[in-house]
Amino acid sequence: MQTLTSLERMMKAVHRQEPDTVPTFELDIDERIIEALKPGASYEDFVEFMDLDAACYHELRTDPYEVLDEARHIVRDQWGAIKQYSGVSHAIPMVLEPALKSKADLAKYVPPDPDQPSRFKKLEETVKRFKGKRAIISVVRPFATIIGSLREQDELFKDMIRDPEFVEGLNEIVDDYYRRYVKNLIDVGADMIVETADWAFTNGPMVAPKHTAKYITPGLKKIVDYCHSRGVPCLKHTDGNIWAIFDLIVETGTDGVHPIDPVAGMDIGEAKEKYGDKVCIMGNVDCGRLLSWGSKEEVREAVRDCIRKAGKGGGYICMSGNSIHGAVNPANYAEMIRAIREYGKYPLTV
């Protein structure tokens, strides 16, 4: 089989076709892992060093923050939420106070500007370096913006029953923002979009499927439809056990689902069997115990098992079950990549 570029390999996979080899990339790789495997390397350098098939451009890394209390690491994010960092520079800050406390706040609320040029400088640099070679993926997170900045999570879930108009108002804010933001990302040069808001816990969806269908999936469908109008694939990430809402996710038209969370009891073989004709399956090497404390032999066997279960006929991207976080053993991540390249060549023999 002809050797493909990383971009071609990714495009074949997300369109459920068989590429030359199973692609791999990660939504996030902790800087400690990068430093351990390639000292002094930037993220982009590391993508090249590990020969990953895609580079991810993260929304959160370009959002502006106003420092409110430097000593206590307290900031206000661009949506107006007050948050606190743990003191670790790369961590996502915890919400102390959401931007909106009641429906009355909607009338006077002014959202951030999705057209601000500074948001796209990093993406522009990535496009110059990788365009046409590796897939350039931009990450967006509308529902996570609501529960991470605009409205306290548990209160939002209650609002879905007691105050639907409030939830619809919140959705209108984020729908408008991300409609413009995604357009800009594609205009600058993103090859794919991935929506990364979690919709489930380990034991099941965050809210009932009927509320997921009414308040959560429509926002993703709008993004998917726009991406497809521009010829750009749109992927969906959500941790947790999503069996009860998997059909709803597929119905949005998304091109791929990540990570088929192994910690939440999601079997990648079952996902491939049920949905592999509709979406690209992405995942699901355990990044908890396995990549953090497992042996290299266990890592290799897990990769082999994932490819055996989900790789047949293409439409599979082998990745971790979430991200390559700071607790991952760098040697195990490197072994994971080696195993993907060894076992992932088409025609598969695993």
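This dialogue explains how several features of the predicted model above may be read.

Biologist: On what basis are the values computed?

Modeller: This is a predicted model, so local features need pLDDT of at least 70 and side-chain atom pairs count only at pLDDT 80 or more, while totals for chains, interfaces and linings use all residues. Residues are numbered from 1 along each chain as its sequence is written, and side-chain values use heavy atoms, with hydrogens and water left out.

Biologist: What is the strand order of the open sheet of 4 strands, and which strands form its edges?

Modeller: Strands (E, at least two residues) and helices (H or I, at least four) are DSSP runs, numbered from the N terminus. Two strands pair if DSSP finds at least two bridges between them. Here the open sheet has the order 2-3-4-5, with antiparallel pairing. Its edges are strand 2 (65-69) and strand 5 (94-97), each of which pairs on one side only. Strand 2 is joined to strand 3 (residues 74-77) by 4 bridges in the antiparallel sense; D69 has I74 as its bridge partner there.

Biologist: In which sense do strand 12 and strand 13 pair?

Modeller: Strand 12 (residues 280-285) and strand 13 pair in the parallel sense, over 5 bridges. N284, in strand 12, stands opposite M319 in strand 13. A cis peptide bond joins G283 and N284, with omega about -15°. Another cis peptide bond runs from Y346 to P347, with omega near 0°.

Biologist: Is strand 13 buried or exposed?

Modeller: Buried means under 20% relative accessible area, exposed over 50%, and partly exposed in between (1.4 Å probe, protein chains only). In strand 13 (residues 316-320), 5 of the 5 residues are buried, so this strand is largely enclosed by the rest of the structure.

Biologist: Why do the buried residues of helix 6 line one face?

Modeller: An α-helix has 3.6 residues a turn, so residues three or four places apart point the same way. In helix 6 (residues 153-162), the residues L156, F157, D159 and M160 are buried. Seen down the helix axis, the buried residues of helix 6 fall within an arc of 155°, so they line one face; the arc is that of the directions from the helix axis to the C-beta atoms. Their cover includes helix 5 (142-150), helix 7 (164-188), strand 8 (200-201) and helix 8 (209-229), where contact means heavy atoms within 4.5 Å.

Biologist: Which side chains make polar contacts with the side chain of D63?

Modeller: A polar contact is a pair of N or O atoms within 3.5 Å; within protein, one must be able to donate a hydrogen and the other to accept it, and residues adjacent in sequence count only if both atoms are side-chain atoms. The side chain of D63 makes such contacts with the side chains of Q78 (3.3 Å) and R119 (3.4 Å). D63 lies in the loop between strand 1 (54-58) and strand 2 and is buried, at 11% relative accessible area.

Biologist: How many disulfides does a search of the whole structure find?

Modeller: A disulfide is a covalent bond between the sulfur atoms of two cysteines; the criterion is a pair of cysteine sulfur atoms within 2.5 Å. The search of the whole structure finds 0 disulfides. The sulfur of C56 is too far for a bond, because the closest cysteine sulfur, in C234, is 13 Å away. C234 is in no disulfide either, its nearest cysteine sulfur being that of C227, 4.3 Å away.
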